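Trainee: I would like a close look at a single part of this model. Please walk me through it, and then show me what lies elsewhere.

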Amino acid sequence: MNEPPRLPEGSFAAWNRDRLAVARRGADECGDVWQLEPGVYVAATAGACEAVLRRAQDFSKAPSPLFPPMRGPSEAPTPEERVHAHAARMRGLRAQAVAARVGEIAPGAARFADRWPTDRDVEVLPLVRHALAEIGVDYLFSEDAPALLPFAAQLFLAREVLVRPSRWEWPRWIPTPARRFRTRQQAAFTDALRPVVRRRRASGRLGDDVLGQMLQPSSRYGTLPEEAVLDTLPGITVATFEAPTRAAGWILLHLARYPGAADRVAAEAASLPADPAGTTGTHLDNLRYTQALVREVLRLHPPSWLLTRRAPRRTELADYAIDAGSTVLVCPYTAHRDAREHPEPDLFRPERWLDDPGSPGEPGAFLSFGTGPHGCEGAALAMAMLTLLTAQTARCHRVSEPPGPEPGYRVTTFEGLATAGLRLRATARGQEWSRVR
């Protein structure tokens with residue numbers, strides 16, 4: 001087996017300045033796999049990225065949850081508890097479960113469009129985040145969501161503080177101020193959730209939301225322990241709206257930059273019911289172009305553009321030798337720009353995801369939600385949220401960027417691709433795309 005090629009000297013320093021540019025350069029110059037520094041490899045093309053994500057035994061996901069269990073190391077969840085918790089969560093997050101609850105997701109998307117202040121430039125990500133947090137927390141906890149939403153907002157703030165770039169990388173056991181803040185917010189969320197879990201179990205009314213599904217006994221595992229329920233939910237709660245917010249920023253920007261595509265979404269959204277609560281999985285399925293637009297934006301700007309895996313033993317990747325103990329960085333950003341997978345990969349073409357006559361062939365790799373054993377659990381929920389938010393926004397508004405030579409946002413690359421500071425203007429559409437009445 002050969003050693004992967006390495007970019008010229010100085011690339012690691014450039015990586016710390018502009019990771020996106022270096023990743024694209026590495027993909028162009030070195031191909032499938034290349035070495036960033038000793039023990040650090042980058043999988044850049046679609047085939048290499050999919051291979052890493054699917055081969056979970058050869059490339060394991062690092063066990064570093066943002067919200068670790070509140071129990072001490074000696075009381076860490078057992079492997080059986082982790083498997084049970086995953087199965088319990090997926091009962092409420094799989095595609096069929098999401099489709100059955102679309103009528104609970106759609107009103108939040110409609111409220112976002114209704115609340116957007118019109119005819120003035122506004123910073124949109126805070127508005128989007130609040131709307132998606134309401135939708136996500138409601139999907140997880142239904143009638144208990146209003147009481148838990150403020151704690152979810154604090155969990156998000158703790159996450160932002162924790163992942164903020166720093167000159168120093170402290171060992172995990174050091175209680176830095178950011179980690180102490182995270183622990184306090186996690187404890188507050190857990191303290192608010194614990195009586196909800198106990199009340200539901202005592203009454204026998206477990207609910208049909210994600211929490212209720214986790215409280216349902218399993219024929220294989222029995223009842224999930226209370227602490228296992230509480231440990232898993234802080235991370236899931238933040239995940240329902242954190243990455244989708246980043247994605248929504250890019251989607252709204254594309255509605256502004258491609259008014260023809262926005263008009264097509266608006267026309268499609270006219271078929272949605274007047275009462276958003278009446279939206280069904282069939283309505284969602286019929287938003288074919290809107291879903292294609294969402295997928296195309298996620299292809300060009302994957303919210304999590306870089307995923308980390310570890311090689312526990314020496315292995316092979318794309319005919320290259322990967323040493324044991326190495327870090328392998330999977331780059332969906334460059335994989336999605338692999339011309340072998342997506343013709344004219346830098347062009348925004350939602351039609352590539354449609355099977356209509358004249359569409360540009362079979363679409364290629366799509367890794368915005370990962371793939372393989374550790375693919376995103378909430379992919380179906382995220383797609384439903386983003387599709388309905390896009391449809392409702394285009395139905396109500398024409399979106400535009402503020403005038404000026406410079407874009408009104410900053411791309412951050414530390415944790416994900418986010419349109420930080422994005423400012424857009426919404427102008428009410430005419431009656432041509434009003435709701436069907």
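Where is the place of glutamine 35?

Mentor: A caution to begin with: this is a predicted model. Glutamine 35 sits in strand S1, which covers residues 33–37. Glutamine 35 counts as buried because its relative accessibility is 14%, and the cut-off for buried is under 20%.

Now look at the contacts of glutamine 35. Leave aside neighbours within four places in sequence. Glutamine 35 then touches Pro4, Pro5, Arg6 and Leu7, together with Val40 and Tyr41.

Follow one of those partners, proline 4. Proline 4 lies in the segment before helix H1 (11–17). Proline 4 is buried too, with a relative accessible area of 5%. Residues up to four places away in sequence are again not counted. Proline 4 touches Val33, Trp34 and Gln35, and also Tyr41. Proline 4 and leucine 317 are 313 residues apart in sequence, yet their C-alpha atoms are separated by 9.2 Å.

Next, the nonpolar cores. In soluble globular proteins, nonpolar side chains tend to be buried together. The largest core here has 109 residues, and Phe141 and Leu193 touch the most other members. Take leucine 193. Beyond four places in sequence, leucine 193 touches Phe141, Leu148, Leu211, Leu230 and Leu233. A second, separate core has 19 residues, among them Ala43, Ala46, Cys49 and Tyr320.

Helix H9 (residues 177–203) holds glutamine 185. Glutamine 185 is buried, at 13% relative accessible area. Its contacts, beyond four places in sequence, are Gln154, Leu155 and Ala158.

Finish with helix H4, residues 79–93. Its length checks out. At 1.5 Å a residue, its 15 residues should span 21 Å, and the end C-alpha atoms are 21 Å apart, so the two agree. The buried residues of H4 include Glu81, His84 and Arg89, along with Ala85, Ala88 and Met90. Gly92 and Leu93 are buried as well. What covers these buried residues includes helices H5 (95–100), H7 (124–141) and H10 (210–215). Helices H11 (226–239) and H17 (379–396) are also part of that cover.

Notes: Residues numbered from 1 in each chain as written. Predicted model: local features only at pLDDT ≥ 70, side-chain atom pairs only at ≥ 80, totals over all residues. Heavy atoms only, no water. Helix = DSSP H or I, 4+ residues; strand = E, 2+ residues; numbered from the N terminus. Buried < 20%, exposed > 50% of the residue type's maximum accessible area, 1.4 Å probe, protein only. Contact = heavy atoms within 4.5 Å. Core = buried A, V, L, I, M, F, W, Y, C linked by side-chain atoms within 4.5 Å. Expected span 1.5 Å × (residues − 1).
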